[in-house]
Amino acid sequence: MSSLLDLSTTLFLRVNDFARTSTWLHAPAVAYAKYGLVVFAALLVVGVWRRRSSGDRELAAALWAGLGTLLAVAVNQPVAALVAEARPYAAHPSVLVLVDRSTDWSFPSDHSVMAGAAAMGLFLVSRRLGAVAAVAAVLMAAVRVYVGAHYPLDVMAGLALGAVVSALGWLLLRRPLAWLVHHGRSLPVVDRVLAPAAAEA
């Protein structure tokens, strides 16, 4: 385990050295590191919109993509507190940090957990949306290391944890979620939203 941590630290320092010399990349990296969550939110909304007139199971999967992402981030909080790993700039005060320094724990990365869960959830909705989200998730993980906020191991663990929580949650909850969607369609407010979609279909 120590060798893996050493490798993660070495990779982080190499990426940080690259960040020092690639000033042209700072602005887009910081923007995505801070506001890339909007990309995943938009993809999740698109997933629900595309499945709004589909079967109960398909719409349930689209809704779960968002719910599973929230659950994964919630699950990550006690995991991060249990591991209690300090941010890389706490152990290496001289490293370049391009974003505001945070006092919360570093492992696993919240941003990567969110990205991994959203990508897995969207694969349940559409392979195309899932592929786009997977690319966005890997990019999010990379920029969180680039801006000095996390070690590589933090973001890799985050992607894996998010994906596992989303996948397992769907396996356990897909039937009750489909049941809720089926009965929820009969509610007047839901019917008004879905009616145009049904008419188009």
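How far apart do the end C-alpha atoms of residues 131-149 lie, and how much of the span is helix? In this predicted model, the ends of that span are 25 Å apart, with 84% of the residues in helix and 0% in strand. The stretch is among those that UniProt, in an unreviewed entry, lists under "transmembrane region", together with 29-49, 61-85 and 155-173. For residues 29-49, the chain is 95% helix and 0% strand, and 29 Å separates the end C-alpha atoms. The unreviewed UniProt entry also lists residues 62-170 as "domain: Phosphatidic acid phosphatase type 2/haloperoxidase".

Helix H1 covers residues 2-21 and includes leucine 7. This leucine is partly exposed because its relative accessibility is 46%. Together with Leu4 and Leu11, Leu7 makes a nonpolar surface patch of about 240 Å².

Helix H2, spanning residues 26-35, has buried residues at His26, Ala29, Val30, Tyr32 and Ala33. These residues lie on the same side of H2, because the arc they cover around the axis is only 165 degrees. As a reminder, residues three or four places apart in an α-helix point the same way because each turn takes 3.6 residues. Ala27 and Tyr35, on the other side of H2, are exposed. Proline 28 also belongs to H2; with a relative accessibility of 45%, proline 28 is partly exposed. Although 115 residues separate proline 28 from valine 143 in sequence, their C-alpha atoms are 9.3 Å apart in space.

Further along, arginine 52 sits in the loop that joins helix H3 (37-50) to helix H4 (56-83). The residue is buried, its relative accessible area being 13%. Its side chain comes to 2.6 Å from the backbone oxygen of tryptophan 49.

Two backbone details deserve a look. Most residues other than glycine have a negative phi, and most peptide bonds are trans. Alanine 84, however, has a positive phi of about 55 degrees. This alanine is located in the loop between H4 and H5 and is partly exposed, at a relative accessible area of 34%. The second detail concerns the peptide bond from phenylalanine 107 to proline 108, which is cis, with omega near -10 degrees. Proline 108 belongs to the loop between helix H5 (88-91) and helix H6 (110-125).

Side chains of opposite charge can pair when their charged atoms come close. The structure holds 1 salt bridge, and its partners are aspartate 104 and arginine 87, whose closest N and O atoms are 2.5 Å apart. Because aspartate 104 lies in the loop between H5 and H6 and arginine 87 in the loop between H4 and H5, the pair ties together parts that are 17 residues apart in sequence.

Key: Residues numbered from 1 in each chain as written. Predicted model: local features only at pLDDT ≥ 70, side-chain atom pairs only at ≥ 80, totals over all residues. Heavy atoms only, no water. UniProt positions renumbered as here; feature names shortened; annotations may be inferred. Patch = residues over 30% accessible without salt bridge, like charges linked within 9 Å, V, L, I, M, F, W, Y side chains within 5 Å. Areas by Shrake-Rupley, 256 points an atom, 1.4 Å probe, with all protein chains shown as cover. Salt bridge = Lys/Arg side-chain N within 4 Å of Asp/Glu carboxyl O. Helix = DSSP H or I, 4+ residues; strand = E, 2+ residues; numbered from the N terminus. Buried < 20%, exposed > 50% of the residue type's maximum accessible area, 1.4 Å probe, protein only. Polar contact = N/O pair within 3.5 Å; in protein donor to acceptor, adjacent residues only side chain to side chain. Arc of directions from axis to C-beta.
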